[in-house]
Amino acid sequence: MANYVPLLRMKRGELTALKELQAATKAKVNPYLDVSSDRFRGKKATKAQPALSAPENIASSIQKSWGTNRIYIDAAKVSPSPASPNPLAELADEAHALGVALVPATQLSASAAYWTDLTSVHTKHSTGACL
């Protein structure tokens with residue numbers, strides 16, 4: 001069981017810090033990532049790498065930083081868009097495909113639509129939820 005749940009905001013330094021933790025420390029930590037619209041963005045293609053959608057980019061960043069360990073993700077502040085109509089579900093699907101143990105998280109003040117999305121992610125992936 002985790003002893004420490006740091007609240008992080010998906011900044012590069014925070015993800016690097018997670019990556020640098022020793023295995024024994026990781027076993028005692030379950031990060032809570034608070035993802036906002038300004039952090040929910042894709043990655044442009046380069047000569048070496050194809051373009052990534054926002055959910056692909058975030059899931060990949062999490063997997064590279066934290067591996068497949070359990071991590072709580074709160075995407076209630078991410079506004080749906082034509083490119084990503086259901087951000088939490090899309091992120092959960094991408095993370096699941098990479099083997100990341102993503103657990104959807106929320107706050108009591110989240111919208112009813114977000115609660116519905118969280119419930120559907122839990123139902124689809126049997127992840128549980130974090131409040």
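Predicted model: local features only at pLDDT ≥ 70, side-chain atom pairs only at ≥ 80, totals over all residues.
**Helix H5 on the sheet**

I began with helix H5 (residues 112-125) and found that H5 lies across S3 and S4, running at about 150 degrees to S3. Residues are numbered from 1 along each chain as its sequence is written, and side-chain values use heavy atoms, with hydrogens and water left out.

My labels: helices (H or I, at least four residues) and strands (E, at least two) are DSSP runs, numbered from the N terminus. Angles run from 0 to 180 degrees between N-to-C directions, with axes fitted as lines to C-alpha atoms, for helices over the stretch in contact.

**How long, and which side is in?**

I checked the span of H5: its 14 residues reach 20 Å from first C-alpha to last, close to the 20 Å expected at 1.5 Å a residue. (The expected span is 1.5 Å times one less than the number of residues.)

Next I listed the buried residues of H5, and got Tyr114, Asp117, Leu118, Val121 and His125. Buried means under 20% relative accessible area, exposed over 50%, and partly exposed in between (1.4 Å probe, protein chains only). Down the axis of H5, the buried ones fall within an arc of 100 degrees, so they line one face of the helix. That arc is taken from the directions from the helix axis to the C-beta atoms.

On the face turned away from the buried side of H5 I found the exposed residues Ala112, Thr116 and Thr123. The cover over the buried residues includes S3, H4 and S4.

I traced four strands in an open sheet, ordered S1-S2-S3-S4, with parallel pairing. Strands S1 (7-8) and S4 (101-104) are the edges, each pairing on one side only. Pairing takes at least two bridges found by DSSP between two strands. S1 has two parallel bridges to strand S2 (residues 32-36), and Leu8 has Leu33 in S2 as its bridge partner.

**Zooming in on Leu102**

Is Leu102 buried or exposed? Leu102 sits in strand S4 and is buried, with a relative accessible area of 5%. Beyond its neighbours within four places in sequence, Leu102 is in contact (heavy atoms within 4.5 Å) with Ile71, Ile73, Leu91, Ala92, Ala95 and Thr127.
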